[in-house]
Amino acid sequence: MSCPRCAGPVREPDLMHAEHRCLRCGPVAPLHVPERINDEIMASVVERMAADPDPTGRLRMPLWCPWPLPPGWTLTGVGWAGDERAGVRATLVACAGPAPLDGGPADLIFVAEEPGVGLGSRFAGLPGPIPVLRWRRR
């Protein structure tokens, strides 16, 4: 379990705090990443998300992954941010394979998250939990 914003350690809720918290970022939805990836782990992640539907019965958070994977590509990781109280608030799927243009290595990370989780900003190298896009005029 780690912080979705900075990858630092996350403290469990206790008598003084009702939520998980990072020493640097404050209250966070803890990021859970299995050590290995296989069919059973993917099925357990999908099962965990299906157990947390919204009031209409739909999944709250998508788990994006191209399927079938392109030739030579493999699923290299999966993760989710959240806890039992708040449910799944962000998902992450990582894939690797040959680059389509030059044949070298390529990595893809698919992130789906609620505003303020900060997982997408972390992997994009942007500061803060919500990315601020600034357009430059040339």
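**Fold, pairing and local features of the predicted chain**

Among contacts in the chain between residues at least 6 apart in sequence, 45% join residues at least 24 apart. The model described here is a predicted one. Its chain contains two helices and seven strands, and from the N terminus on these elements follow the order β-β-β-β-α-β-β-β-α. Of the 138 residues in the chain, 33% are buried. The accessible surface amounts to about 9400 Å², with 57% of that area belonging to carbon and sulfur atoms.

Four strands make up an open sheet in the order 4-5-6-7, and their pairing is antiparallel. Strand 4 (31–32) and strand 7 stand at the edges with a single partner strand each, so one side of each has no neighbour in the sheet. Helix 1 packs on this sheet, where it touches strand 5 and strand 6, and its direction makes about 30° with that of strand 5.

The pairing can be followed strand by strand. Strand 4 and strand 5 are joined in the antiparallel sense by two bridges, and here Leu31 stands opposite Ala81 of strand 5. Strand 5 in turn runs antiparallel to strand 6, with nine bridges between them. Strand 5 and strand 6 form a hairpin, with three residues between the two strands.

Strand 6 (residues 87–98) is mostly covered, as ten of its twelve residues are buried. Besides its pairing with strand 5, strand 6 pairs with strand 7 (residues 105–113) over nine bridges, again in the antiparallel sense. Ala96 has Asp107 of strand 7 as its bridge partner. The hairpin of strand 6 and strand 7 has six residues between the strands, and Gly103 in this hairpin takes a positive phi near 80°. As a reminder for readers looking at the faces of the sheet, side chains in a regular strand alternate between its two faces.

Charged side chains come next. Side chains of opposite charge can pair when their charged atoms come close. The structure holds two salt bridges. In one of them, Arg89 pairs with Glu114, and the closest N and O atoms are 2.8 Å apart. This pair links distant parts of the chain, since Arg89 belongs to strand 6 while Glu114 sits in the loop between strand 7 and helix 2 (119–124), 25 residues apart. Arg89 is partly exposed, at 23% relative accessibility, and Glu114 is partly exposed too, with a relative accessible area of 27%.

The other salt bridge brings together the side chains of Arg21 and Asp14, at 2.8 Å from N to O. In this pair Arg21 is buried, with a relative accessible area of 11%, whereas Asp14 is partly exposed at 40%.

The cysteines deserve a careful look. A disulfide is a covalent bond between the sulfur atoms of two cysteines. A search of the whole structure finds zero disulfides. For Cys6, the closest cysteine sulfur is that of Cys22, at 3.6 Å, which is too far for a bond because the cut-off for a disulfide is 2.5 Å. Cys6 counts as partly exposed, with 22% relative accessibility. Cys25 is likewise in no disulfide, the nearest cysteine sulfur being that of Cys3, 3.7 Å away. The relative accessible area of Cys25 is 25%, and this residue is partly exposed.

Two backbone features complete the description. Most residues other than glycine have a negative phi, and most peptide bonds are trans. Ala7 has a positive phi of about 70° although it is not a glycine. This alanine, Ala7, lies in the segment before strand 1 (10–11) and is partly exposed, with a relative accessible area of 40%. Pro68 is found in the loop that runs between helix 1 (39–50) and strand 5 (74–83).

Note on methods
Residues are numbered from 1 along each chain as its sequence is written. Side-chain values use heavy atoms; hydrogens and water are left out. Buried means under 20% relative accessible area, exposed over 50%, partly exposed in between (1.4 Å probe, protein chains only). Contact means heavy atoms within 4.5 Å. Accessible areas come from the Shrake-Rupley method with a 1.4 Å probe; for residues, only the protein chains shown count as cover. Two strands pair if DSSP finds at least two bridges between them. A salt bridge is a side-chain nitrogen of Lys or Arg within 4 Å of a carboxyl oxygen of Asp or Glu. Axes are lines fitted to C-alpha atoms, for helices over the stretch in contact, and angles run from 0 to 180 degrees between N-to-C directions.
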